[in-house]
Amino acid sequence: MRLPKYALPVSVIGTLAGSTLLLNLEKNNFPLGKWDYSSGGRYNGEERIAGKTVIVTGANTGIGKETARELARRGGRIIMACRDLDKCEIARKEIVLETANKSVECRKLDLASFASIRAFAKLINSTESHVDILINNAGVMMCPKMLTEDGLEMQMGVNHFGHFLLTQLLLDKLKASAPSRIIFLSSLAHTRGQINFEDLNSAQEYNSRTVYGQSKLANVLCTQELAKILEGTNVTVNCLHPGVVNTELSRHLGFTQSKIGSFVFFPIKFLLLKTPLQGAQTTLRLALDPSLEKVTGKYFSDCREKEPAPQGQDAAAAKRLWAVSEAWTRVKQD
C-alpha cells in the first residue's frame, strides 16, 4: 500500500505538535514527570520585599514583565521603566489585578535617548526616598543597523551605554539605600563577543550577531568593573544569562519574519526555549536571595554562579571600556 505523498509531512508535524503540547503542559505546572526539559534553574525562595523599591527596565513584556509581576506579588513597590507607556500601562493593570499590589507604576524611559535617561533619573532621584534594586533588563537583539538619538549603534547604545548611564545617575540613590543590588541581564552570547575598541560604534562594519555579542560582553565587563568601584558601599552588582527565552527580543531574527520560517520554528520554540517566567528565575534569585547579599561582580546562569568566558574576565578591557563609557555618555558632566 502506497502512502499519500503528504503522509510523512503530516506525521512529522503531528509528532512535533504532540510533543510540544506535552512539554508545554509540564513547563506550565502540569507535571508529567520529574524533569522540566527546558527551564533550567528555578528560584524557590519565599522572601517578601514589602517596603523595598525596585526599578525594572523593559518591564512591559517578556522577562521584565514576569520579573515585575513576581516582585509585585512579594510586596515590593515596582517602577516599570518603559519606552512605550501605553503598553506599560496595559501590563501594569494586569499585574495589579493579579497581585493585588497597587504600588506598581509606569515611568517613561527610552534607553536609546540620553535625554530620556537623564529625565528618568532626575525624576527618580527627586521623588523616591530609596531605590533598593535596579534591574537592567531591557535590550535589543540582532537588529538591522540603527542609531540611537545620540548617534550610537543601537545594540551597544541600549544594551550597554544606556544602562551604564542609568546606573551611574542612580548610583548615589542606591548607595544611600544600601544594602542594595544592581542586576544586569547579559547573555551566553558574551562568549562570542569581543570589544572592538577600534570600531566600537560599528562605523566601518556592522554584523548584527557580532555586535550583539559585544554588547552582552560589555555587560559582563561593566559588572566586574563596577563591583570594584563599589567595594565597601554595601551595593552589589551581578549579571546573568537568562537562558534562551521565547520573547519579543527575537523579532529581528530573519527566520521569524517569514511565514515559512515562523511555521517551522513555532513548535520548536516551545520545545527548546524557556518561557519568560522561567527566564526570570535567575534574575529573581539575584534580586531576592539573602545568601547573595555580599556576593558581587559575578556571572550567573540557571540560578547558579558560573564562570564567564575568558574575555569576560579581562580586567584591562573592563577598565578601558569603563573610561570610554564615561566619555561617550558624558556622565561626569551631570
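First, the ground rules. This is a predicted model, where local features need pLDDT of at least 70, side-chain atom pairs count only at pLDDT 80 or more, and totals for chains, interfaces and linings use all residues. Residues are numbered from 1 along each chain as its sequence is written, and side-chain values use heavy atoms, with hydrogens and water left out.

Start with the overall picture. The protein has 10 helices and eight strands. Those are DSSP runs, numbered from the N terminus: helices are H or I with at least four residues, strands are E with at least two. Of the 334 residues, 53% are buried. Buried means under 20% relative accessible area, exposed means over 50%, and partly exposed is in between, with a 1.4 Å probe and protein chains only. The exposed surface comes to about 16300 Å², and carbon and sulfur atoms supply 56% of it. Those areas come from the Shrake-Rupley method with a 1.4 Å probe; for residues, only the protein chains shown count as cover.

Now contacts, meaning heavy atoms within 4.5 Å. Take the ones between residues at least 6 apart in sequence. Of these, 78% join residues at least 24 apart.

On to the cores. A nonpolar core here is a set of buried Ala, Val, Leu, Ile, Met, Phe, Trp, Tyr and Cys residues joined through side-chain atoms within 4.5 Å. The largest has 51 residues. Ile55, Ile117, Phe120, Leu170, Ile182 and Leu226 have the most contacts inside it. Which elements each supply at least two residues of this core? On the helix side, H4 (114–127), H5 (154–176), H6 (208–229) and H10 (315–329). On the strand side, E2 (77–82), E5 (180–185) and E6 (235–241). Helix H5 gives the most, with 11 residues.

Look at Leu170. Leaving out residues up to four places away in sequence, Leu170 touches Ile55, Phe120, Ala121, Ile124, Asn125 and Leu134. Apart from this core lies another, of 31 residues, including Ala72, Ile78, Ala287 and Leu288.

Next, helix H2. The helix has 12 residues, and 17 Å separate its first C-alpha from its last, close to the 16 Å expected at 1.5 Å a residue. The expected span is 1.5 Å times one less than the number of residues. Is H2 mostly covered or mostly open? Mostly covered: 11 of its 12 residues are buried. Just after H2, Gly75 takes a positive phi of about 95 degrees.

Stay with Arg69. Arg69 is buried, at 7% relative accessible area. Its side chain makes a polar contact with the side chain of Glu66, at 3.1 Å. A polar contact is a pair of N or O atoms within 3.5 Å; within protein, one must be able to donate a hydrogen and the other to accept it, and residues adjacent in sequence count only if both atoms are side-chain atoms. Beyond four places in sequence, Arg69 touches Glu94, Ile95, Glu98 and Thr99.

Arg69 also forms a salt bridge with Glu94, with the closest N and O atoms 3.1 Å apart. A salt bridge is a side-chain nitrogen of Lys or Arg within 4 Å of a carboxyl oxygen of Asp or Glu. Why does this pair tie together parts that are 25 residues apart in sequence? Because Arg69 sits in H2 (residues 62–73) and Glu94 in helix H3 (residues 85–99). Glu94 counts as partly exposed, at 32% relative accessibility.

The whole structure holds 16 salt bridges. In one, Asp289 meets Arg285 at 2.8 Å, N to O. Asp289 is buried at 11%, and Arg285 is buried at 18%. In another, Lys332 meets Glu326 at 3.6 Å, N to O. Lys332 is exposed at 67%, whereas Glu326 is buried at 19%. Shared partners also join Glu47, Lys65, Glu66, Arg69, Glu70, Arg73, Arg74, Glu94 and Glu98 into one network.

Last, H10. Its 15 residues should span 21 Å at 1.5 Å a residue, and the end C-alpha atoms are 21 Å apart, which agrees. At the start of H10, a side-chain oxygen of Asp314 reaches to within 3.1 Å of the backbone nitrogen of Ala316. Buried residues in H10 include Leu321, Trp322, Val324 and Glu326. Their cover includes H4, H5 and H6. Just after H10, Arg330 takes a positive phi of about 55 degrees.
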